[in-house]
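The entries follow in the order I looked things up.

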Amino acid sequence: MRNFLWVLLATGCCGLWNNGNGVHGKTPASIENVAHLLPDDLKDYPPTVMVALMVRNKAHILPLFLTYLEQLEYPKKRISLWIRSDHNSDNSIEILTEWLKHVDPLYHSVNKVLNDTQQRHQNESSQFDWPTSRFHHLINMKEEALLYAQQIWADYIFYLDADVLLTEARTLKLLTSYGLPVVAPMLLSEGLYSNFWCGMTPDYYYLRTDMYKEIYNVNQEGIFQVPMIHSAVLIKVNYNGSAYLTFDRDNLRQQLNNGLEYAASLGEQCRMYDGPVDDIIVFAISANCSKIPLFISNEVPFGYILQPLDASDTPEQDYKQLQNIKTNIVHDLNQVPVAKEYLAKYEKKQEKDKLGLDHIYMINLERRPERREKMFKLFDALNLDVEYFPAVDGKKLTPEIIQELGINFLPGYEDPYHHRPMTMGEIGCFLSHYHIWQNIVEKQQKEVLVLEDDIRFEPYFRHNAMAVMEQIRNVIDYDLVYFGRKRLKDTVEPWVENTESVVHVSYSYWTLGYVISLKGAEKLLKAKPLENLIPVDEYLPIMFDRHPNKTWSNAFPERDLLAYSAAPLLLYPTHYTGDHGYISDTEDSFLVDSHETDHSPSAAQLKSDPERMFLAEPRFDANPKDLPVPQLETAADIKSHDEF
């Protein structure tokens, strides 16, 4: 046996010590020279990662959170799970238990403590309150997790909050490939909130910087050193400097005390720590004052994060936030994944409704099924009961069909920017809306929301849409209320008295989404627009008598449509002119007078050009507490580090 081993070792040495002439040399060959000896199909194992999950009162998001966690493209046998859950007032532990029952064998190991004996911490007023007792408990768990990762010889520990949805399956692969001591994936929210700061004041408060928006909006792409990261943080346990990382205020003060002269040389922030008992601030200071860089990566869209809420908020507010994030996921990634059956049963289900209106129609061309499917995914996320209304396809219109419909074009009409007649797509668009108005009158529907299929819902759409309609019903008679539009003149739009979010509307384009009353539909039909046809977004401003072209307006003597607009707007286009994926079935189509005009559509001054849009400003005299989005005072609200 000894001789056999000696032969193996000698054979291995022979390849390494070959001098190129077939005889043993005295100098080892370089790595470059021997790399070709390594088999291409055999590589190093991926680093081991311990994922630390601390879950509390997250039943509403857990099915989706765990679904995304399972979808990470990383060998599960190289992942250990460390899970803690306690002080719950919902069924978070039941969901975690059911999930682990199915996935436990897939992972290298699972260390869990699930405790349902208490529902609240000492002096805790609500589940969104953060008394000192809750901070101490969280800090102790994070310290315990870091120690455990060291004990099991994990290469990395990944602290992951249950408020985070990692939609990028390669997240762990990418983060570990950086080889950085501490790094976080940049996460998006329903606003400008994210899991990093770009600036911190000497007294540990959030510092607004221009660079924050550059990173958040991916105006600059890459990996950036920042003073603060949280909520999804990967730490390289093998890095020597990790010994200086801590979440505990007392540990930090002890470290600073041992090297105060050195720490003080790094700046005012690194004086003896006198800041709050806060895990993420202490962690940031422990890194910054040990010269351990913290990094944020926006190289890919990694995922989303829910904003922290105030102590006075309710669980329903967090559910609404999740609803907003789901619509963003559909907008950005086309779909929200379906949870496994054993998780799906825990998802909160709400019956679909029509926002208190008689009906909701969505106009869509039959040859655009991808838009239709996406819109219905959005309606599912928003719990909206919507009827698909097939659009009139301009591609199928002919001069003969136009004549049969009794259509005559408004004399002298030309597009104000292209100086061309109407396109077949614009005719089809008008007829689509026209048929809906006819439908409303025929079915005597009193209030109807009309939506097109290329819209993006603003956060809290449901809440704000219902609030707008409640306000306007209570104070004024109306025919039409824009939810989305393109304001064309930078003129004052007076607020409707005794409302918080409704304005008198000026000259506007687009029919993205609007509520129309039965009386409004009757007025639009009574004017017989097919006898003087113009594009629908020119016709509406004429009918509420705000169109600048009086020659066109005079063709419609009764211009008494009572029109208003939500402010701020509740809908926007999914794409603008020049955006990747922009398609216009109205503008990019053949012209009516095709004998005299070039068939090529022009991109100049299209109606979807965002440079021609003025946005209605929100009111500044409204009470912030009346707004649906949490209003955060300062960065001192420890769990609410936000960008405003």
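This is a predicted model: local features need pLDDT of at least 70, side-chain atom pairs count only at pLDDT 80 or more; totals for chains, interfaces and linings use all residues.

**Entry 1: salt bridges**

I counted a salt bridge where a side-chain nitrogen of Lys or Arg lies within 4 Å of a carboxyl oxygen of Asp or Glu. I searched the whole structure and got 29 salt bridges.

I took Glu124 and Arg56 to begin with. Their closest N and O atoms are 2.6 Å apart, so the pair meets the 4 Å cut-off. I then checked where the two sit. Glu124 is in the loop between strand 3 (109-114) and helix 5 (132-151). Arg56 is in the loop between strand 1 (49-55) and helix 3 (62-70). The bridge thus links distant parts of the chain, 68 residues apart.

Are these two buried or exposed? I used under 20% relative accessible area as the limit for buried. Glu124 has 8% relative accessibility, so I noted Glu124 as buried. Arg56 has 11%, so Arg56 is buried as well.

I went on to Asp163 and Lys58. This salt bridge has its closest N and O atoms 2.6 Å apart. Asp163 lies in the loop between strand 4 (156-160) and strand 5 (164-165). Lys58 lies in the loop between strand 1 and helix 3. The two are 105 residues apart, and again distant parts of the chain are linked. I found both Asp163 and Lys58 buried.

Asp415 and Arg420 also form a salt bridge, at 3.7 Å from N to O. Both Asp415 and Arg420 are buried. I logged a network of salt bridges too: it links Asp477, Asp479, Lys519 and Lys523.

**Entry 2: helix 11 and helix 13**

How do helix 11 and helix 13 run relative to each other? I compared the axes of helix 11 (residues 315-333) and helix 13 (residues 369-382). They come within 9 Å and cross at roughly 170°. Angles over 145 degrees count as roughly antiparallel, so I recorded the two helices as roughly antiparallel.

I listed the residues that make the contact. Helix 11 gives Gln323, Lys326, Thr327, Val330 and His331. Helix 13 gives Lys374, Lys377, Leu378, Ala381 and Leu382. Sorted by class, the contact has four nonpolar, three polar and three charged residues.

**Entry 3: strand 9**

I looked at both faces of strand 9 (residues 223-226). Phe224 and Val226 are on the covered face, Ile223 and Gln225 on the uncovered one. Strand 9 runs antiparallel to strand 12 (residues 294-297), and four bridges join them. I looked up the bridge partner of Val226 in strand 12, and it is Leu294.

I traced an open sheet of seven strands with mixed pairing, in the order 15-14-16-20-18-21-19. Strand 15 (387-390) and strand 19 (502-504) are the edges, each pairing on one side only. On average, neighbouring strands are turned by 35° against each other, direction ignored.

Within the sheet I checked strand 18 (residues 480-487) against strand 21 (residues 563-566). They pair in the parallel sense over three bridges. Leu480 has Ala563 of strand 21 as its bridge partner.

Which strands does helix 16 touch? Helix 16 (residues 461-475) packs on the sheet and touches strand 16 (447-451), strand 18, strand 19, strand 20 (508-517) and strand 21. Its direction makes about 120° with that of strand 18. Helix 18 lies across strand 18 and strand 20, at about 60° to strand 20.

Notes. Residues are numbered from 1 along each chain as its sequence is written. Side-chain values use heavy atoms; hydrogens and water are left out. Axes are lines fitted to C-alpha atoms, for helices over the stretch in contact, and angles run from 0 to 180 degrees between N-to-C directions. Angles under 35 degrees count as roughly parallel, over 145 as roughly antiparallel, 65 to 115 as roughly perpendicular and the rest as oblique. Contact means heavy atoms within 4.5 Å. Ala, Val, Leu, Ile, Met, Phe, Trp, Tyr, Cys and Pro count as nonpolar, Asp, Glu, Lys and Arg as charged, and the others, Gly among them, as polar. Buried means under 20% relative accessible area, exposed over 50%, partly exposed in between (1.4 Å probe, protein chains only). Two strands pair if DSSP finds at least two bridges between them.
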